[in-house]
Amino acid sequence: MALKRPKWNTGTLVMLEHHSRVLRDNPLGDPSVRNLAVWLPPGYDEGAMQGRGKRYPVLVDMAGYTGSGLGHIGWKNFSENIPERAARLVHEERMAPAILVFPDCFTALGGNQYINSSAIGAYADYLTKEIVPVVDREFRTLASREHRGCFGKSSGGYGAIIHGMKYASTWGAIANHSGDAYFDFVYWHDWPNTLNELAKHRPVPRPVGPLNVHKAEKGADRGLDDGRVRKFLEVVWKKRKLTQSDVHCLMNLCMAASYDPDRRAPNGFRLPFNLETGERIPKRWEAWQRHDPVNLVKKYRGNLKKLRGIYIDCGYRDQFHIHYGCRILSKRLAVAGIRHTYEEFDDNHSDVDYRMEGSLPFLTRVLR
């Protein structure tokens, strides 16, 4: 798409302002009034004035960590944003027309996992109990789960498969691009870097010489913050430019707030590793594993079987090792007798929205 000169109808992008009750007074103080972008496919306006306009299936976009649905509608050089890609696929008759929805689920922790968390906010409820009804009310949708799907990449892919598992009464099909899975590989290896970053913000400077480790780790063995996490967040929230180390550290804290929230703990969540020794805290890591898709297939087998379609893919050079988790997820789905499509491709985790060439047509085909 080096030449961005489409000669076909590109559809219509509509921006709504949504006042959320679900996100009001969220623990991070993030805005509860948010813009909601909705793409209407070519032909949507035909017959609308006479009240006989066609109704369409709905696809909801779940953006990856540090992203927002609003970032998926912006101009891209030498490539296509998602509405442009969908318009071309419709023009080429590779994708049936559908309404695409782009919610903004960004948070002060850089994003969320599209689940309800007392430390971040009720983002599963935000989507299923607010965004979906608003779209069904404002636009000519086929307003039932059989014609509604969600898709996403990375944290968004995680959100899609988790929503397929937990909220099959809302979604009829899902597409999961490189979604977080098999946490032992995806997250574990990066925590030493996070601990090193947090150590820069120790409330008391590290002494040189003899060290009483048992005394120094007080509280850290229970996943509690001694002040360094809060200090890190305060520093990051004041920065004009974040480093890669900042972002990765913030991401792991976001995951902790998603998977192990605790209103009684500092910052509202616990940590899975000892801040001083780096040791895994078994009880805390078990809390994370209860959210790992590879561990949830059996529990949600009934809901997964209700879905009209499950699409999963991943690059086999994924730098976060997510391809291993996707393989395990696919294997466990197969063992459970759950029909799904799983594909791998020659790429890593970055800039792979072109894979929607397969997922968007798949979703509109099974949701007609």
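Which residues lie nearest the centre of the second largest pocket? I looked this up in a predicted model, where local features need pLDDT of at least 70, side-chain atom pairs count only at pLDDT 80 or more, and totals for chains, interfaces and linings use all residues. Residues are numbered from 1 along each chain as its sequence is written, and side-chain values use heavy atoms, with hydrogens and water left out.

**Second largest pocket.** I found Arg202, Val204, Arg206, Lys215 and Ala216 nearest the centre, out of 13 lining residues. A pocket here is an open set of points on a 1 Å grid over the protein atoms alone, where a 1.4 Å probe fits, with protein on both sides within 12 Å along at least five of seven lines; lining residues have an atom within 4 Å of a point. I noted a volume of about 210 Å³, which is the space filled by probe spheres set on the points, joined across faces, edges and corners.

**Largest pocket.** I read a volume of about 360 Å³. Its lining has 19 residues, and Tyr65, Ser154, Met251, Phe320 and His349 are the closest to the centre. I then checked where this pocket sits: it lies between domain 1 (12–181 + 292–367) and domain 2 (184–290), because both give residues to the lining. The domain bounds come from an automatic or database domain assignment.

**Cysteines.** I searched the whole structure for disulfides (pairs of cysteine sulfur atoms within 2.5 Å) and found zero. For Cys150, the nearest cysteine sulfur is that of Cys105, 11 Å away. For Cys326, the nearest is that of Cys314, at 4.1 Å.
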